[in-house]
Amino acid sequence: MALYSEKVMDHFRNPRNAGVIEDADGVGEVGNPVCGDIMKIYLKIKDNRIEDVKFETFGCGSAIASSSMATELIKGKTIDEVMEVTNKAVVEALDGLPAHKLHCSVLAEEAIRAALKDYFDKNGIPYDPEEFREHDAEEDVPPEVLEAAEAEKAAAAASCGTKFK
Ligand code: FES
């Protein structure tokens with residue numbers, strides 16, 4: 001079986017909603033200290049709905065596919081509906097991710113939450129801080145996955161110079 005689903009490959013090759021919203025109502029940026037990937041989500045919100053969403057992701061293919069799919073999932077949704085969109089929903093919509101890449105989808109969930117929090121803060125909208133508790137990357141990722149990520153990073157570092165020149 002292929003490591004990545006057709007959907008992951010499609011969203012990686014043709015990312016939806018990539019870019020910046022200059023006058024965004026909420027912006028969220030998160031990073032994963034283990035792999036070093038960074039994700040930024042821009043939201044345009046009107047009448048309590050996500051009118052537009054864009055992302056910038058500096059990271060792996062799974063992070064790009066996760067950002068792309070996550071933006072598709074939340075576009076047009078109400079804020080309450082967006083709060084229900086978890087990394088699991090992103091993974092399911094992508095027809096799965098390899099275990100050591102699940103944290104890429106967590107980054108997408110966190111970036112969306114961070115952008116919503118920014119919107120709430122800017123507009124003085126009250127919220128439950130527990131809903132926006134920053135995840136500790138190490139807490140979210142099981143130890144065996146962290147180990148796999150470390151091994152992958154080492155392998156990538158070793159092969160980078162020759163493979164991606
Ligand atoms: Fe870290 Fe994909 S977001 S490897």
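Contact here means C-beta atoms, placed from the backbone, within 7 Å. Axes are lines fitted to C-alpha atoms, for helices over the stretch in contact, with angles from 0 to 180 degrees between N-to-C directions. Helices (H or I, at least four residues) and strands (E, at least two) are DSSP runs numbered from the N terminus.

I then looked up helix 5 (residues 102–123), which packs on the sheet and touches strand 1 and strand 2. Its direction makes about 145 degrees with that of strand 1.

I noted that this is a predicted model: local features need pLDDT of at least 70, side-chain atom pairs count only at pLDDT 80 or more, and totals for chains, interfaces and linings use all residues. Residues are numbered from 1 along each chain as its sequence is written.

I found an open sheet of 3 strands in the order 1-2-3, with antiparallel pairing (at least two DSSP bridges between two strands). Strand 1 and strand 3 (49–58) are the edge strands, each pairing on one side only. Neighbouring strands are turned by 15 degrees against each other on average, direction ignored. Strand 1 and strand 2 are joined by 6 bridges, and G26 stands opposite L43 in strand 2.

Last, C35. I located C35 in the loop between strand 1 (26–31) and strand 2 (38–46). Is C35 buried or exposed? C35 counts as buried because it has 23 C-beta neighbours inside 10 Å; the cut-offs are 20 or more other C-beta atoms within 10 Å for buried, 12 or fewer for exposed, and partly exposed in between, with C-beta atoms placed from the backbone. I also checked C35 against C60, 25 residues apart along the chain: their C-alpha atoms are separated by 9.0 Å.

Terms used
Two residues are in contact if their C-beta atoms, placed from the backbone, lie within 7 Å.
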